Amino acid sequence: MTKEVSLEVDLGPLHLKNPIMPASGTFDIRCTLLNQKELNRLGAILPKSIAFQEREGNPGPRICETDCGLLNAVGVPSKGVEYFIKEELPLLKKANNTIIVSLMGNSIPDFCNLAGYLNENKEISALEINLSCPNLNNGILFGVNQDKLYELIFNIKKNTSKPIIAKLSPNVSDIREMALTAKNAGAQIITVANTLMGMAIDVDKQVFRLGNTMGGLSGPAIRPIVVRMIWEIAQSVDIPIIGVGGVYCAENAIEMLLAGASAVQIGSANFFNPHVMLEVIEGIEKYLIKKKYNSIQDIIGLMKN
Amino acid sequence: MKIENINIPLMISGNLIENINLNDNYYRMRIKAPQIARKAKPGQFVMLSMWKNKDPFLKRPFSFYGIESDSGTFDILYKEIGKGTQIMAKSKAGDLVELIGPLGNGFKIPENTNNIAVVARGIGIAALMPLILESKKRGIAIYAFLSAQTGNLLLCSNEINSISEKVFYTTDDGSKGAKGMVTNFLQNVLKEEVIDVVYVCGSKRLTKHIRNLQRKYNFLAFVSLEEHMACGIGACKGCVHKTNDGYKRVCKEGPIFPVEEVIFDD
């Protein structure tokens with residue numbers, strides 16, 4: 001069968017050869033089962049959030065499997081930005097020509113320093129701002145407070161010329177307001193969404209199952225919530241969306257595209273199937289051919305009110 | 001290039017050859033997966049799933065309990081305890097097994113090792129078995145110190161009996177061997193002779209005792225650690241354990257660590 005279908009997507013200033021990329025924190029270039037050729041097939045590559053200074057992360061247990069999902073309280077361990085540029089970026093550069101770097105900070109100056117530091121690196125295509133890591137003292141604050149969110153994105157923009165992707169927290173009452181705020185502050189793209197805050201208790205030992213007490217829920221359990229959020233935003237805010245949450249097959253990714261996402265990240269599914277991203281790319285292509293579309297653009301946001 | 005090509009683990013399907021109930025809810029499973037069996041080393045592990053519909057969500061880690069590179073098979077020992085192992089317990093020869101492996105660093109047996117002690121609690125013996133067999137092959141004398149809740153949970157004791165110099169048992173209920181700490185027997189041996197390397201698996205408490213004995217008698221000691229894992233390949237940073245050098249991933253930097261490096265909080 002000749003492949004005539006285009007998987008290319010545009011997200012504002014970002015052009016991707018296909019919509020599939022890893023979700024931050026679920027992929028490590030230094031321990032992937034994918035070879036160079038396979039890594040190059042991804043729409044983009046996105047390593048775990050980096051911090052300016054080295055940080056250890058949370059005490060264990062850091063993960064806890066739940067029904068159809070996974071709670072994590074890893075807490076963004078990072079070897080710092082200098083290590084990232086020296087050791088990790090060269091490997092990423094060889095693997096894929098679209099590199100999105102996820103940034104983590106404890107304060108506005110922290111984020112701004114990091115964004116400024118990375119601005120001269122031509123290999124980096126865009127910055128994703130981790131507004132909502134539930135495992136950090138102040139992390140969730142930016143994601144759930146409109147004023148803080150605006151202030152953060154607005155200030156980061158002053159320190160970088162790279163496209164800004166705001167990764168929103170789903171732990172809010174109206175995700176549309178957060179999307180609009182991110183846009184008004186200067187974000188060109190949004191990622192919907194980070195993990196949902198959760199908790200699990202061992203009733204036998206009567207202890208919390210996570211070392212950090214609370215953690216972020218990911219996996220198939222949260223997907224319908226994310227699909228709804230993508231759709232809600234797509235109906236009301238004019239900004240390109242990257243969908244993420246519980247995708248483990250092409251059908252799941254297509255659901256997000258139909259709801260209005262222009263790209264899709266794959267997270268915890270990488271843990272049980274390190275080849276899942278490639279399978280999803282192939283599956284989307286087959287779907288488009290079967291449904292006789294010429295381009296993936298034809299299905300993005302197809303579902304209207 | 002700095003990528004570790006040679007040691008990239010494989011993601012493949014294997015075939016279940018047999019699944020035997022040893023006693024109570026303990027099972028031994030033999031899996032045919034030649035590409036993994038030929039690369040596997042004592043102390044390493046595989047991530048395994050035989051469930052559909054993402055329920056449970058993750059694969060499970062299992063140490064190699066037996067490695068047969070000639071027949072392309074390996075064995076794992078497991079206890080039926082939760083959703084995943086319940087499905088495993090019901091599985092039959094011919095069933096498909098999804099695997100990622102071999103994973104982890106594996107045991108080191110230093111050159112010129114004359115004798116070793118293996119210290120295991122319950123199913124912890126599984127991770128030590130290939131090491132015991134490899135040591136036997138190299139002509140190294142083996143002292144085994146096995147502990148369990150009850151006598152019938154002293155797994156593989158016949159096999160270990162037949163290849164070890166000496167075997168010491170303790171059970172919590174005294175149903176086989178003595179009551180009390182199996183490391184007391186190790187201490188008695190250490191008073192009499194030099195043990196080159198001690199390997200331990202299956203109990204934090206035993207590992208802490210080994211560390212105390214190590215301070216006194218100065219031997220090499222390694223522990224095989226167990227943690228909940230999501231990916232098994234180092235990507236998720238979920239399975240860390242505290243060490244003198246910060247948090248380390250049990251799946252990647254481990255599961256085998258020098259005993260003196262590991263920090264136990266409680």
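Helix 7 of chain A (residues 223-236) has 14 residues and spans 20 Å from first to last C-alpha. That is close to the 20 Å expected at 1.5 Å a residue, where the expected span is 1.5 Å times one less than the number of residues. Helices (H or I, at least four residues) and strands (E, at least two) are DSSP runs numbered from the N terminus. This is a predicted model: local features need pLDDT of at least 70, side-chain atom pairs count only at pLDDT 80 or more, and totals for chains, interfaces and linings use all residues. Residues are numbered from 1 along each chain as its sequence is written, and chains are lettered from A and ligands numbered from 1 in the order in which they are written.

**Helix 7 of chain A**
- Its buried residues are A:Arg223, A:Val226, A:Val227, A:Met229, A:Ile230, A:Trp231, A:Ile233 and A:Ala234.
- A residue is buried if 20 or more other C-beta atoms lie within 10 Å of its own, exposed if 12 or fewer, and partly exposed in between, with C-beta atoms placed from the backbone.
- These buried residues pack against helix 6 (175-185), strand 9 (189-192), strand 14 (241-244) and helix 8 (250-259) of chain A.
- Beyond four places in sequence, A:Ile230 contacts A:Val192, A:Ile241, A:Gly243, A:Met256, A:Ala259, A:Gly260 and A:Ala261; contact requires C-beta atoms, placed from the backbone, within 7 Å.

**Nonpolar core**
- The largest nonpolar core has 185 residues. Such a core is a set of buried Ala, Val, Leu, Ile, Met, Phe, Trp, Tyr and Cys residues joined through C-beta atoms within 7 Å.
- A:Ile165, A:Ile230, A:Val264, B:Val118, B:Val119 and B:Phe145 have the most contacts inside it.
- Domain 1 (10-103) and domain 2 (115-261) of chain B each contribute at least three residues to this core.

**Annotated sites**
- An unreviewed UniProt entry marks a "binding site" that includes A:Ser24, A:Lys48, A:Ser49, A:Asn130 and A:Ser268. UniProt positions follow the numbering used here, feature names are shortened, and annotations may be inferred rather than shown by experiment.
- A:Ser24 sits in the loop between strand 3 (20-22) and helix 1 (36-40) of chain A. It counts as buried because it has 26 C-beta neighbours inside 10 Å.
- Among the contacts of A:Ser24 outside four places in sequence are A:Lys48, A:Ser49 and A:Asn130.
- A:Ser268 lies in the loop between strand 15 (263-266) and helix 9 (269-272) of chain A. It is buried, with 30 other C-beta atoms within 10 Å.
- In chain B, the "binding site" annotation (unreviewed entry) covers B:Arg60, B:Pro61, B:Phe62, B:Ser63, B:Gly84 and B:Thr85.
- B:Arg60 lies in strand 4 of chain B and is buried, with 23 other C-beta atoms within 10 Å.
- Leaving out neighbours within four places in sequence, B:Arg60 contacts B:Met47, B:Leu48, B:Ser49 and B:Gly84.

**Interfaces**
- The domain assignment of chain B gives domain 1 (10-103) and domain 2 (115-261), with bounds from an automatic or database assignment. Their C-alpha centres lie 22 Å apart.
- The contact between these domains takes 20 residues from domain 1 and 17 residues from domain 2.
- The contact between the chains takes 27 residues from chain B and 29 residues from chain A.
- Strand 13 (240-243) and strand 14 (246-249) of chain B each supply at least two residues of the side that touches chain A.

How values were computed:
Two residues are in contact if their C-beta atoms, placed from the backbone, lie within 7 Å.
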